[in-house]
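Student: Could we look at this chain together, with the sequence and the model side by side?

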Amino acid sequence: MKKDILIVDDEDDIRALIKAILEDEGYQIREASNSAEALAEVEKKVPDLAILDIWLQESDKDGLEVLEQVKQNNPLLPILMISGHGTIETAVTAIKKGAYDFIEKPFKSDRLLLMITRALETAELRKENQSLKAQKNKTEHELIGQSTAIIQLKSQIEKIAPTNSRVFVTGEGGTGKEVVAKTIHNLSMRKNNPFMVINCAALHPERLEEELFGVYKDGDSQKGVLELANGGTLFLDEVADMPLETQAKILRVLQDNQIHPVGTQDTIDIDVRFLASTNKDLEEVIKSGDFREDLYYRLNVVTLNIPPVRQRKEDIQPLINHFLENFSLQTGQIKRVLAKDALDKLQTYQWPGNVRQLKNMMEWITIMTPSPDQKAELTKEDLPPEFSGTAKSSSEEPEFDYTNQPLREAREIFEKTYLNAQIKRFNGNVSQTAEFVGMERSALHRKLKALDISLEDAQDSKVENIALVKRA
């Protein structure tokens, strides 16, 4: 298909000259002699490229004003600016406003054609990049599964999303609470406005308020997440870890729809939809005095619970296929195929790290296993050592009976066992461990300290209770 190029110039002979050059090269040409005609042509159909004169005589707008207006609605449209009276300052201004390049009259036809070719190629690359980003965003924030629980969850989201109701998302770590929050945002009336995430467990208490409300200091101002999210959605991830003092201020925001940046008494009106999540039993946290009951009821208008992977085994294979497909696209490799014995092995695993752990496993398989030209199907022997059975046996270690413990103690023992295993797996490297388990490095440090886990001990000692908590 011929590329459509719009020529905007108030001189008839210049338009005719450029048109003749470009038609000889196989381009389809449209013309406009003033700003009104140019804007009408773009409105009728966005061209593949525009050549725009800076000085448009007897027009409502000059070329720079037309450029600015067109680029607002068509940011990927390449525009070449031309002028017979150009200066370096004018060229810089045009490029700052979004022009691809600037060419001064009179120009050689070869130079014009080269610039057009490069501009069209750059525009195509930008479109492809935008498309890939959109596809990546879609697949990263998509609920995958065919279980009754996931079908019901999707149905609930479709009902809730168009409203402005606050939603509380619960579930174990790695189940996809942020994916649910992003899905709600994408299906809401706010989808074209910001979606902001703040991990309450990852920030130091003294930084949390500045991140949320912004800060005025020494005449400078820095917008907080709440102001940046204005008109959109704010997702408070792991809200149970929010300091009590900050909880009181968030409660006031929910009541007044106003914020006070740190360092000033000025108020800023906001319109933000709040979504929140936790992997803790908030009723227990409230009883312990670490979370405000009134804030809980303000945030918890609607509750959505995401079941762990072990409770929806029928979703494991769709998730495997989804992640293998994604990693194949990202790496440019042929999609891996798992044999029945490998699938059976993964189906019977308990997945303590849930979807996040399964995703990491599929990435490992994509990178570490034999390529398809070496082996058509991957068997259980191709899985990581802890799945294939080649890992060191721990049968001599006693099993721990979690069922004889209260929930809080059982959870603490599980977390300590799990994190001990991961720290040992990565030889005491906190950054690698944090990335694998899906926590911020600072949050993991605090968790290790709370559980009294020594990095040196984790490196040197055997992991307790490994029979129940296998390495992911």
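Tutor: A few questions and answers follow, after two notes on the source. This is a predicted model, in which local features need pLDDT of at least 70 and side-chain atom pairs count only at pLDDT 80 or more, while totals for chains, interfaces and linings use all residues. Residues are numbered from 1 along each chain as its sequence is written, and side-chain values use heavy atoms, leaving out hydrogens and water.

Student: How many helices and strands are there in the chain?

Tutor: Helices (H or I, at least four residues) and strands (E, at least two) are DSSP runs, numbered from the N terminus. Counted in this way, the chain has 20 helices and 14 strands.

Student: Is strand 4 mostly covered or mostly open?

Tutor: A residue is buried when its relative accessible area is under 20% (1.4 Å probe, protein chains only). Ile79, Met81 and Ser83 point one way from strand 4, whereas Leu80 and Ile82 point the other way, and all are buried. With five of its five residues buried, strand 4, residues 79–83, is mostly covered.

Student: Which residue is the bridge partner of Ile51 in strand 4?

Tutor: Two strands pair if DSSP finds at least two bridges between them. Strand 3 (residues 49–53) and strand 4 run parallel and are joined by four bridges. Among the residues of strand 4, the bridge partner of Ile51 is Leu80.

Student: And which residue in strand 5 is the bridge partner of Met81?

Tutor: Strand 5 (residues 101–104) runs parallel to strand 4, and four bridges join them. In strand 5, Met81 has as its bridge partner Phe102.

Note on methods
Buried means under 20% relative accessible area, exposed over 50%, partly exposed in between (1.4 Å probe, protein chains only).
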